[in-house]
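Please look over the sequence and the model before reading on.

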Amino acid sequence: MNRQWAVHWTRLRLIILTVVAAVATMLAVTAQAASARPSSPRAFAWAGGPKPTIVLEHGAWADAASWSKVIGQLQEDGFTVDAPPNLLRGVSYDSTYLTDFLSTIPGPVVVVGHSYGGFVITNAATGNANVKALVYVDAFIPDRGDTLASLTGTGSCLGGNAFNFAPYPGEPAGDVDTYIKQSVVPGCFASGLPPSQAAVIAATQRPLAASTFGEQSGPPAWKTIPSWAVVGTADKVLPPAQQTSMAQHAGAHITDVNAGHLSMISDPEAVAQVIEQAAHAAS
């Protein structure tokens, strides 16, 4: 009986050793494959100094939630992110609000604007030595004297009869709030997104005061601050050719993405990557 047990034990030990060896080999191959795997396109070694705070300014008919996925990417990579509200009351009013907000942030800052938010950051960052880079996402990049109406041009899906209007408390004479008609949002403002997501965006939009369209932009921050631009090549709100023209005029580093007007929702990783490139270049 003892001899039989010894034989069984010897066989069992051989089986255990074989399994252990196989597992060790598998783990070694997995580790080697992982080390050979290319790093995330957003990853880079930070070249000293403090990481800048990233400030995200949303555009018209949207709110800060439109940046949610980009915020997640940036925070994962160790950035402090702020996404203050854009009040959507007018270029001067909104820019002053953001200027005051930026004044509370110590250290370097990268300011990002989407759509109409491009008007706001262009004016709010002027003269702020802490702002090291500007990033425009599917955005207007105005020069001094430009208006939202003059830069929209032809070819926008928001032309014609795209809006509903509503009064608001304390409005200047003749002013109203503008809302995109919900039926227009899926194929225009939120083109390329799932219908259910576009429907939520249509229902939760925040209005832009109509007077904003004719208000002139002031001295542009991009004349003294390096800028980057993300251009959605399928944008139906602000035609890509118009975005590219403004970006070239401002001397911005341009990245094209296959997205509609809400590229920070449809391709947040590409947008976050450009923001991080701007942060790295400005450090």
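Which residues does S156 touch, not counting residues up to four places away in sequence? In this predicted model, the partners of S156 are K236, V237 and P239.

**The surroundings of S156**

S156 belongs to the loop that lies between α5 (148-152) and β5 (163-166). With a relative accessible area of 16%, S156 is buried, because buried means a value under 20%. The side chain of S156 takes part in polar contacts with backbone atoms. At 2.7 Å, the S156 side chain reaches the backbone oxygen of V237, and at 3.1 Å it reaches the backbone nitrogen of L158. V237 is also one of the residues that S156 touches. P239, another of the residues touched by S156, stands 83 residues from S156 along the chain, yet the C-alpha atoms of S156 and P239 are separated by 6.4 Å.

**The position of Q242**

Q242 is found in helix α7, which covers residues 240-249. Is Q242 buried or exposed, or does it fall in between? Its relative accessible area is 24%, so Q242 counts as partly exposed, the class between under 20% and over 50%. Along the chain, Q242 and T154 are 88 residues apart, while 9.6 Å separates their C-alpha atoms.

**Two helix pairs**

Two packed helices are described by the angle between their axes and the distance between the axes. The table gives these values for two pairs.

| Helix pair | Angle between axes | Distance between axes |
|---|---|---|
| α2 (residues 68-76) and α9 (residues 268-281) | about 50° | 9 Å |
| α3 (residues 91-102) and α4 (residues 117-124) | roughly 55° | within 8 Å |

On the α2 side, the contact is made by K69, V70, Q73 and L74, and α9 contributes P268, E269, V271, A272, I275 and E276. By class, the residues of this contact of α2 with α9 are six nonpolar, one polar and three charged.

The helices α3 and α4 are likewise oblique to each other, and α3 passes α4 in a right-handed crossing. Their contact is formed by V91, D94, S95, L98, T99 and L102 of α3 together with F119, V120, I121, N123 and A124 of α4. Seven nonpolar, three polar and one charged residue make up the contact of α3 with α4.

**The chain as a whole**

How many helices and strands does the protein chain have? Its secondary structure comes to nine helices and nine strands. Of the 283 residues in the protein chain, 44% are buried. Among contacts between residues at least 6 apart in sequence, 75% join residues at least 24 apart. The pair S156 and P239, 83 residues apart along the chain, is in contact.

Methods:
Residues numbered from 1 in each chain as written. Predicted model: local features only at pLDDT ≥ 70, side-chain atom pairs only at ≥ 80, totals over all residues. Heavy atoms only, no water. Helix = DSSP H or I, 4+ residues; strand = E, 2+ residues; numbered from the N terminus. Buried < 20%, exposed > 50% of the residue type's maximum accessible area, 1.4 Å probe, protein only. Polar contact = N/O pair within 3.5 Å; in protein donor to acceptor, adjacent residues only side chain to side chain. Contact = heavy atoms within 4.5 Å. Axes fitted to C-alpha atoms, helices over the stretch in contact; angles between N-to-C directions. Nonpolar A, V, L, I, M, F, W, Y, C, P; charged D, E, K, R; others polar. Parallel < 35°, antiparallel > 145°, perpendicular 65-115°, else oblique. Left-handed = near helix turned anticlockwise from the far one by under 90°.
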